[in-house]
Amino acid sequence: MSVTPVALPRPLSVGRALVYLLLSATAWGTAGAAAALLFGRSGLGPVALTFWRSVGGVAVLLVAARLAPGRPGRLRPPRPARLLVNGLGLTLFQVAYFEAVHGTGLAVATVVTLGAAPVLVALGARLLLREQLGAAGVPAVAGAVVGLALLVLGGAGGGGLRAGGVAWAVASAAGYAAVTLYGRRLGAGAEPFASTFYSFLVCAVLMLPFALLEGLWPSPVGLGRTLGLLLYIAAVPTALAYGLYFAGVAVVRATTASVIALIEPVSAALIAVLLLGEQLSAVELTGIGVLLAAVAALALAETRAAVRRS
């Protein structure tokens with residue numbers, strides 16, 4: 001079946017790759033708000049939502065491939081290793097996070113997952129890819145984790161720390177780390193459109209039997225609203241965001257990509273303030289400032305490294 005893939009500039013510059021990663025993380029931050037509006041009203045659980053998100057993402061990418069101008073080509077399946085790593089890693093990242101939220105609460109699950117991810121990526125990049133953090137790397141990663149903890153825990157209410165939920169959160173971080181490290185290992189030769197398409201196709205296939213057990217179909221009450229939110233989740237924080245992510249992660253250092261992804265809770269917090277009328281505490285505002293400073297430091301270091309290499 002012939003399709004026209006989304007054309008991305010190649011080779012991708014470091015500056016553009018950083019912008020892609022920032023945009024993808026910002027889009028991911030909107031997914032939580034959309035999911036919160038769905039849970040409890042649509043009749044969908046986290047596994048079913050993951051399934052429909054994946055199916056919708058595949059459908060949106062297929063339509064975009066047919067409509068977008070660009071060079072003709074095919075959606076050629078990636079090599080089996082790439083298909084398995086990206087598909088399984090993406091599935092683990094999403095489902096384990098939802099299970100962590102269910103097991104230990106949103107605040108703790110977010111802190112453990114997004115806090116552990118850059119640490120796992122930094123260790124993996126050092127051991128597997130021989131990437132050096134550099135002078136700005138260690139304090140930036142540490143600052144990102146501290147800023148995230150301040151942002152999320154600063155607004156957290158009660159809730160306990162439960163081992164099962166924490167274990168799921170670490171598993172989610174491991175799934176994210178696997179996709180990030182493998183994308184960096186492949187480098188700019190990987191096709192981000194095909195990577196996104198087939199990763200979510202694998203996720204949908206894996207999730208279908210579990211979604212059937214949980215309850216696959218949404219409630220007929222408010223079905224139009226549910227379908228609208230599902231379409232948004234499929235198009236923006238899924239098809240668009242992961243396409244940009246796979247393109248960006250192939251160019252910049254894996255640790256930098258993982259820290260930039262921490263913009264996700266910042267965008268979620270800003271959405272809560274601007275659209276939902278919530279207030280940010282002084283601790284949360286401090287966390288946002290520390291996290292943004294860490295992201296800016298790593299982005300600057302990445303750009304300087306690219307200039308030295310050129």
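The secondary structure of this protein, seen here in a predicted model, comprises eleven helices and two strands. Along the sequence, these elements follow the pattern β-α-α-β-α-α-α-α-α-α-α-α-α.

The overall figures describe how the chain is arranged. The protein has 310 residues, of which 50% count as buried. Among contacts between residues at least 6 apart in sequence, 92% join residues at least 24 apart.

A pair of helices illustrates the packing. Helix H2, which covers residues 46-67, packs with helix H7, which covers residues 192-214, at an angle of about 145 degrees. The axes of these two helices lie 7 Å apart, and H2 passes H7 in a left-handed crossing. On the side of H2, the contact is made by residues including Pro46, Phe51, Val55, Val58, Leu62 and Ala65. On the side of H7, the contributors include Phe193, Phe197, Phe200, Cys203, Met207, Phe210 and Glu214.

Attention may now turn to the surface. Leu84, Leu88 and Leu206 form a nonpolar patch there, and together they have about 250 Å² of accessible area. Is Leu88 buried, partly exposed or exposed? Leu88 counts as partly exposed because its relative accessibility is 45%, a value that falls between the limits of 20% for buried and 50% for exposed residues.

Conventions:
Residues numbered from 1 in each chain as written. Predicted model: local features only at pLDDT ≥ 70, side-chain atom pairs only at ≥ 80, totals over all residues. Heavy atoms only, no water. Helix = DSSP H or I, 4+ residues; strand = E, 2+ residues; numbered from the N terminus. Buried < 20%, exposed > 50% of the residue type's maximum accessible area, 1.4 Å probe, protein only. Contact = heavy atoms within 4.5 Å. Patch = residues over 30% accessible without salt bridge, like charges linked within 9 Å, V, L, I, M, F, W, Y side chains within 5 Å. Areas by Shrake-Rupley, 256 points an atom, 1.4 Å probe, with all protein chains shown as cover. Salt bridge = Lys/Arg side-chain N within 4 Å of Asp/Glu carboxyl O. Axes fitted to C-alpha atoms, helices over the stretch in contact; angles between N-to-C directions. Left-handed = near helix turned anticlockwise from the far one by under 90°.
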